[in-house]
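This briefing goes through one protein chain, topic by topic. Keep the sequence and the 3D view open while reading.

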Amino acid sequence: MAFDFSVKDGGLPTVASDACGVAAHRERETRSGHDKRDRPIEETTVEQTPDGAFRRQRNAFSVRFGSGPGEAPVQAGRYHILGALGCGWNRRQRIVIRLLGLWDVFTPEVVFGRDENGWKLTHTPGGVAELFGYDRLNDFYRATTDHFTGRGTSPTVVDLQTGKVVTNNYHILSNDLETAWAPFHKEGAPDLYPQELRQEIDLLNQQIFDDVNNGTYKVNFATSIGAAKAAYTIFKARLADYDFRLASRRYLFGNQITDSDVRLFQTLESYEFGYRRGFLQSLNAGEDEIVHIWDYPNLFAYARDLFQTPGFIDEPELYALGYTPDESGNYSHNPFSQGDDTPQDVKDYHKSVYERWLEPSGREQLGGSPLYSGPGGGGSYELWKFGAYEGFYQA
């Protein structure tokens with residue numbers, strides 16, 4: 001089924017180019033000289049190290065959910081989570097919400113069209129824009145603190161009782177959904193954060209974020225070619241590592257889906273139509289010089305397995321990520337497109353890639369051990385816990 005996501009009466013133009021921002025200001029060197037490449041101004045000015053590497057800003061709000069002091073109470077229907085469909089940090093939460101059956105308990109809303117005034121809210125019946133009379137995500141940040149000077153980010157959780165931001169810390173939000181919100185999980189929901197694996201999941205998640213999730217940004221938003229090449233080298237090495245790990249395991253920790261699988265999938269599902277195109281430009285590379293996901297057969301079969309698992313992707317996301325067309329047969333705009341492909345070329349390519357993702361994975365009989373020589377397991381049976389000892393870092 002196709003969907004029409006054109007703008008109608010304040011509706012929803014959710015294309016991948018809106019995701020986490022991919023337009024404004026950077027000059028690059030090409031094979032034929034110099035030209036202008038549009039880049040996000042924050043990503044290529046504020047979020048940079050002196051050597052031209054991308055260093056992501058910290059999250060402004062990190063309230064946890066629970067019943068403890070300073071925690072946000074776990075109450076069904078009290079919160080909405082606002083985020084862009086093209087944003088991986090937001091899709092991670094949407095996947096967890098679907099898998100755990102929390103859609104009507106912890107409701108997602110879509111934001112779109114980030115510009116100098118921040119993300120635009122979607123005006124829908126019962127949504128936060130209608131409830132509070134706001135047009136921008138930044139309005140909730142200003143209502144939360146008098147000192148807000150940054151930019152509201154995708155995703156952001158808003159308390160419908162107060163109209164204030166609870167958290168925009170996407171790193172730990174899914175863990176709260178998996179634990180604190182357990183009383184509202186649907187019957188038969190998977191345990192995405194099993195107690196016995198939490199330390200190893202945490203360590204692997206840090207690696208996935210640094211080298212894969214954020215690794216794509218380190219390539220595409222570097223302001224020096226050296227930084228981009230270093231990030232790409234690490235990105236490829238990590239894919240090779242996971243390809244070997246998944247040769248004998250159905251999922252990263254054996255025979256059960258965990259939070260780590262959700263986090264890895266969020267990048268794999270959007271790589272081909274989004275980040276990879278950016279790699280070609282950032283690295284000044286030819287088409288045959290940048291890897292495809294299917295260059296890693298076990299990893300790609302694993303990604304297809306998840307892609308075809310109910311809950312990992314829905315129809316609006318299929319459109320936003322470039323897999324399916326709208327009702328007019330057109331695909332979402334590729335933010336890194338040079339405009340040198342004909343419309344039919346684009347359609348044929350998108351259709352062919354989507355068909356590859358629908359091929360059987362052949363992984364149903366795999367189980368595998370959760371033990372691996374990766375973070376937390378390599379060289380030691382003890383899992384490191386930084387700062388575990390009082391006074392450890394004191395002279």
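Strand β6 is covered on both faces: Thr156 and Val158 are buried on one side, and Val157 and Asp159 are buried on the other. The model is a predicted one.

**The chain as a whole**

- The protein chain has 11 helices and 7 strands.
- Of its 395 residues, 53% count as buried.
- Among contacts in the chain with a separation of 6 or more, 69% are between residues 24 or more positions apart.
- In soluble globular proteins, nonpolar side chains tend to be buried together.
- Here the largest nonpolar core has 88 residues, and the ones with the most contacts inside it are Phe65, Phe106, Leu264, Phe279, Leu299 and Tyr302.
- Helix α8, residues 259-282, gives this core its largest share, 9 residues.

**The sheet**

- Strands of a sheet pair through backbone hydrogen bonds, either parallel or antiparallel.

**Pairings in the sheet, strand by strand**

- Strands β4 and β5 run antiparallel and are joined by 3 bridges. Val111 has Leu121 in β5 as its bridge partner. The two strands form a hairpin, with 2 residues between them.
- Strand β3 (residues 79-83) and strand β4 (residues 107-115) run parallel, joined by 4 bridges. His80 has Thr107 in β4 as its bridge partner, and Gly83 has Val110 in β4.
- Of the 9 residues of β4, 7 are buried, so this strand is largely enclosed by the rest of the structure.
- Strands β3 and β6 run antiparallel, with 4 bridges joining them. Tyr79 is bridged to Asp159 in β6.
- Strands β6 and β7 also run antiparallel, joined by 3 bridges. Asp159 has Lys164 as its bridge partner in β7.
- A hairpin is formed by β6 and β7, with 4 residues between them; in its turn, Gly163 has a positive phi of about 75°.

**Helices α2 and α5**

- From α2, the residues Trp89, Arg92, Gln93, Val96, Ile97 and Leu100 meet Tyr170, His171, Leu173, Ser174, Leu177 and Glu178 from α5.
- The residues of this contact divide into 7 nonpolar, 3 polar and 2 charged.

- Is Leu173 buried or exposed? Its relative accessible area is 4%, and buried means under 20%, so Leu173 is buried.
- Leaving aside neighbours within four places in sequence, Leu173 is in contact with Phe65, Ile81, Gln93, Phe106, Val157 and Thr167.
- Two of these partners, Phe65 and Phe106, are listed among the residues with the most contacts inside the largest nonpolar core.
- Leu173 and Val63 are 110 residues apart along the chain, and their C-alpha atoms are separated by 9.3 Å.

**Backbone details**

- Most residues other than glycine have a negative phi, and most peptide bonds are trans.
- The peptide bond from Ser154 to Pro155 is cis, with omega near 0°. Pro155 is in the loop between α4 (138-144) and β6 (156-159).
- Asn284, a residue other than glycine, has a positive phi, near 50°. Its place is in the loop between α8 and α9 (297-307).
- Asn284 counts as partly exposed, at 27% relative accessibility.

Methods: Residues are numbered from 1 along each chain as its sequence is written. This is a predicted model: local features need pLDDT of at least 70, side-chain atom pairs count only at pLDDT 80 or more; totals for chains, interfaces and linings use all residues. Side-chain values use heavy atoms; hydrogens and water are left out. Contact means heavy atoms within 4.5 Å. Ala, Val, Leu, Ile, Met, Phe, Trp, Tyr, Cys and Pro count as nonpolar, Asp, Glu, Lys and Arg as charged, and the others, Gly among them, as polar. Two strands pair if DSSP finds at least two bridges between them. A nonpolar core is a set of buried Ala, Val, Leu, Ile, Met, Phe, Trp, Tyr and Cys residues joined through side-chain atoms within 4.5 Å. Buried means under 20% relative accessible area, exposed over 50%, partly exposed in between (1.4 Å probe, protein chains only).
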